[in-house]
Amino acid sequence: MGITAGEFVTYVIRPTLQQLNLYTESFEKLLLVTAAAETGIGLHIARADQSGMGVYMISPQQHRQVWDQFLAFDPELASKVRGCASQQEFLASPDQELAFNLSYSTAIAAAIYLQALGTPCSSASPLQLAKLWQLHFKQSASIGTEDFLRAFEQVAASSMSIESN
């Protein structure tokens with residue numbers, strides 16, 4: 001059972017990006033389609049080989065790397081990202097936060113892209129978004145650019161109807 005694209009945008013991605021002061025329509029779409037391509041927006045939240053978890057399939061290594069090599073050098077953004085995490089559970093098991101906290105995993109996914117891009121993408125074609133995903137998220141050999149583009153087509157109608165709200 002997954003969450004619908006529209007609900008995921010309305011209740012998770014958009015508010016998280018707004019809280020981080022990173023909202024752009026293209027960045028929102030990039031995160032939505034990343035979640036759709038990686039997990040069908042939550043149809044599964046962990047890989048059997050433990051290489052990734054949560055709706056974005058972020059690996060523990062990616063999680064540590066974005067904190068150590070990016071967020072550590074941007075205290076304001078780091079504080080906002082940490083604000084998305086739960087109080088107690090984050091301290092006990094930060095990687096588990098990726099699996100059950102949609103806002104936190106969205107903030108980390110945004111930070112991974114932001115580290116690579118420097119700024120939130122403001123306009124991009126579906127193919128450009130697919131290339132960004134392939135460079136920074138694609139961990140499974142079983143999914144490719146075509147899967148990302150298919151996911152983009154599937155969620156485009158949902159997100160377009162959300163944008164008018």
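**View 1. Glu 76 and Lys 80 meet through their side chains in a salt bridge, with N and O 3.4 Å apart.** A salt bridge here is a side-chain nitrogen of Lys or Arg within 4 Å of a carboxyl oxygen of Asp or Glu. Both partners belong to helix α4 (residues 75-84), and because they are 4 residues apart, about one helical turn separates them. An α-helix has 3.6 residues a turn, so residues three or four places apart point the same way. Glu 76 is exposed, its relative accessible area being 56%; the cut-offs are under 20% for buried, over 50% for exposed and partly exposed in between, with a 1.4 Å probe and protein chains only. Helices are DSSP runs of H or I with at least four residues, strands are runs of E with at least two, and both are numbered from the N terminus. Please keep in mind that this is a predicted model, where local features need pLDDT of at least 70, side-chain atom pairs count only at pLDDT 80 or more, and totals for chains, interfaces and linings use all residues. Residues are numbered from 1 along each chain as its sequence is written, and side-chain values use heavy atoms, leaving out hydrogens and water.

**View 2. Arg 14 and Glu 28 form a salt bridge whose closest N and O atoms are 2.7 Å apart.** This pair links distant parts of the chain, with Arg 14 in helix α1 and Glu 28 in helix α2 (residues 25-39), 14 residues apart. Are these two residues buried or exposed? Both Arg 14 and Glu 28 are buried. A search of the whole structure finds 4 salt bridges.

**View 3. Helix α1 has a kink of about 30° at Ile 13, shortly before the proline Pro 15.** The bend at a residue is the angle between axes fitted to the seven residues ending there and the seven starting there. How far apart are the end C-alpha atoms of α1? They are 20 Å apart, which agrees with the 21 Å that the 15 residues of α1 (residues 5-19) should span at 1.5 Å a residue; the expected span is 1.5 Å times one less than the number of residues. Buried residues of this helix include Phe 8, Val 9, Val 12, Ile 13 and Leu 17.

**View 4. Arg 64 and Asp 95 join their side chains in a salt bridge of 3.6 Å, N to O.** Here too, distant parts of the chain are linked: Arg 64 sits in helix α3 (residues 60-69) and Asp 95 in the loop between α5 (87-92) and α6 (97-100), 31 residues apart. Arg 64 counts as partly exposed because its relative accessibility is 43%, whereas Asp 95 is buried, at 19%.

**View 5. His 63, in helix α3, is buried with a relative accessible area of 3%.** Its side chain is joined to that of Tyr 104 by a polar contact of 2.6 Å. Such a contact is a pair of N or O atoms within 3.5 Å; within protein, one must be able to donate a hydrogen and the other to accept it, and residues adjacent in sequence count only if both atoms are side-chain atoms. Not counting residues up to four places away in sequence, His 63 touches Ile 58, Pro 94, Asp 95, Leu 98, Tyr 104 and Ile 108, contact meaning heavy atoms within 4.5 Å.

**View 6. Asn 21 has a positive phi of about 55° although it is not a glycine, and Met 57 has one of about 55° too.** Asn 21 lies in the loop between α1 and α2 and is exposed, at 58% relative accessible area. Met 57 lies in the loop between α2 and α3 and is buried, at 0%.
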